[in-house]
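Work through the following exercises with the sequence and the model side by side. Each task is followed by a solution in steps.

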Amino acid sequence: MNADTGLGDLLSRAAAALRLGVAASPSRFYAVAALAVLEGAAGPALAWTTKLLLDVVFGPAGPDRAGRAAGLVVLLAVIALVTAGQQSLQAYLGPVLGRAIRLAVADRLFARVNDYPGLERFEDPAFRDRLQLAEQAGDHAPAQLVTTALHALRGLVQLSGYTAVLVAVWPPVAVCALLAAVPAVLVHLRLGRARAQTTADLSGGVRRRFFYRSLLTEPQAAKEVRLFGLGPFLHGRLLRDLLTANAAEDALSRRTLRLAMSLDLLGGLVTAGATAVAVWQALTGALTVGGITAFLAAVAGVQAAAVAITAVAGELYESLLLFGAYHRIVDEPRETSPAHLRLPPLREGIEFRDVWFRYRDDGPWVLRGLTLRIGHGEAVGLVGRNGAGKSTVVKLLCRMYRPQRGTIRWDGVDLADVEPDALRARIGAVFQDFMAYDLTAAENIEVGDLGQAGDRAAVRHAAGLAGIDDELAMLPRGYDTLLSRLFVPDDGLADGVAMLSGGQWQRVAAARGFLRHRADLLILDEPSAGLDAEAEHTLHLRLRRLRAGRTSLLVSHRLGALREADRIVVLDGGRVAEAGTHDTLVAEDGVYARLFALQAAGYRDQARAAVPAGD
């Protein structure tokens, strides 16, 4: 975050925040603004009315003295009643408006996050820090901006009113009081910039502390943390980041204290000087009793309003700087395809044409001129050593990334010219690194095709194909059971919660793929990882039925699972090294044959080890 942001940018952000406040709740926004003006005007009006009343009471007798005094008393009562009612309304409407703004801010921020079509940003630590700062800013900065802007409006009205009272009573002191506020404005702006910069500097540490807390508290990490004795290590890392944050914030607090005490001293000197002047003016007869009362009240009011405005200015400046982090993400230009071509149902096939890809501009090439065709209705197996590019092919095919060179075509249509959502709607997938959502059993399958959410028959059919229907139906609340170690159901009863084994979760993930049975392309990326041999065999039989007659890409380290593929493609060094059926590749005695021989030897060794001695 750049704390040296120009005035034009700050004004633009302020205008954006105010527009956001109006859009979040127009009626509440304008009501709070009106109340702020009313509150600002109440103090000066009270001071001037009190002056008039005292001048009537202690001044020379007149024909309608009692009537004028009574009228002024009534006016004072009206001002007091309005002020009291305004404060109650402000206490109610202010937080309500703040909540409406936070809702609008969260809606816009996460809608923008959902607009990112691929994985590049989510795998970029620098972007993660910016997003963390944007989330922090989104929680507080926009609502705080609107609130402080309205407080500033109230302070300006109050300052203008009290200054008018001073000018009416004795003009020179008004100039002195306003000049005394200038250092306070500069100091609070400086502090606001320092606070905003400190928040930005510590944003990475906030994300790390969240990471350490999750490792210390979440069940997924508890096993390894306890087995390897990582608790004290992670605890120490958490405390180290907290100590760093505390040191930075303590230094800022000390700086704030020094400057605040200096401003308090300056304010005290101004008040003492104004009081001395008022007493002198009264002794010389230049001020009446009402005049000296109004004078002292106005001096105190100008000081209070100036302090409030300068403090608000610092907060406003800090919020504007932080709002920039939110603003940059929400208003960032959206990635658009040069053409929004319609993606037809797959009829011919998918082609990788001389595709080059690397994850960073300065990183190694993962794919080096990959050329590959997956024909319509063909089941293609993809194998290779770790790092050969298998997972990268899957990510590119799903438009999680774009190749730096070359094209990927769907029936001749370049995927770069197609909206990612339109492509992904035609793809079904079962991944090894699937998600276990803290949702109900039914919802964990429905996420595979939200268009069928609520269709329990379709969900159970998909679960049956994956071999998990009976086990889900036997959960405490059947398919409505919450699968979580983190939450309880909305009714708070623990009998509505259950957890699944790793193999059961794998079959739930497979059921998501079965639910999206209308997809043109099926991607199976290590779909049976974590299953025992019998469950793996059963799942592959079911998946074979699912992909029958459909275009499929099968990725697996277990080469035996790919033997029935129409064609097996071997990646090596980011290129296609070999391609053919299982039998032809074994006969060629190349990379595939060596990998298959190594796996087969391992299985034979395991089989011999399982036979008792002497058999």
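**Exercise 1. A lysine in a helix**

Task: state which helix holds K390, whether K390 is buried or exposed, and which backbone oxygen its side chain reaches.

Solution. Step one: K390 belongs to helix α10, where helices (H or I, at least four residues) and strands (E, at least two) are DSSP runs numbered from the N terminus. Step two: the relative accessibility of K390 is 7%, so K390 counts as buried; buried means under 20% relative accessible area, exposed over 50% and partly exposed in between, with a 1.4 Å probe and protein chains only. Step three: the side chain of K390 comes to 3.0 Å from the backbone oxygen of G384. This falls under polar contacts, which are pairs of N or O atoms within 3.5 Å; within protein, one atom must be able to donate a hydrogen and the other to accept it, and residues adjacent in sequence count only if both atoms are side-chain atoms. Step four: leaving out residues up to four places away in sequence, K390 touches L382, V383, G384, R385, V555, H557 and L571; contact means heavy atoms within 4.5 Å.

The model is predicted: local features need pLDDT of at least 70, side-chain atom pairs count only at pLDDT 80 or more, and totals for chains, interfaces and linings use all residues. Residues are numbered from 1 along each chain as its sequence is written, and side-chain values use heavy atoms, with hydrogens and water left out.

**Exercise 2. The helix around that lysine**

Solution. Step two: the buried residues are K390, T392, V393, V394, L396 and L397. Axes here are lines fitted to C-alpha atoms, for helices over the stretch in contact, and angles run from 0 to 180 degrees between N-to-C directions. Step four: after α10 comes R399, with a positive phi near 60°.

**Exercise 3. The sheet under the helix**

Task: give the strand order of the open sheet of 6 strands and identify its edge strands.

Solution. Step one: the order is β6-β9-β10-β3-β11-β12, with mixed pairing; two strands pair if DSSP finds at least two bridges between them. Step two: β6 (427-431) and β12 (575-580) are the edges, each pairing on one side only. Step three: neighbouring strands of this sheet are turned by 20° against each other on average, direction ignored. Step four: β6 and β9 run parallel, joined by 5 bridges, and G428 stands opposite L522. Step five: β9 and β10 are likewise parallel with 5 bridges, with L522 opposite S552. Step six: β3 (residues 379-384) and β11 (residues 567-572) are parallel and joined by 5 bridges. G384 faces L571 across that pair, and both G384 and L571 are among the residues that K390 touches.

**Exercise 4. A strand covered on both faces**

Task: explain why β9 is described as largely enclosed, and sort its residues by side.

Solution. Step one: 5 of the 5 residues of β9 are buried, so the strand is largely enclosed by the rest of the structure. Step two: in a regular strand the side chains alternate between the two faces of the sheet. Step three: L521, I523 and D525 lie on one side of β9, L522 and L524 on the other, and all are buried.

**Exercise 5. An arginine in a helix**

Task: state where R112 lies and which residues R112 contacts beyond its neighbours within four places in sequence.

Solution. Step one: R112 is in helix α3 (residues 65-115). Step two: R112 is buried, at a relative accessible area of 2%. Step three: a polar atom of its side chain lies 3.4 Å from the backbone oxygen of I329. Step four: the contacts of R112 are I329, V330, E332, P333 and R334.

**Exercise 6. Confidence**

Task: locate the lowest and highest confidence in the protein chain.

Solution. Step one: the mean pLDDT is 80, and 87% of residues reach 70 or more; pLDDT is the predictor's confidence in each residue, from 0 to 100. Step two: confidence is lowest in helix α18 (residues 591-610), at a mean of 68, and highest in strand β1 (residues 349-357), at 95.
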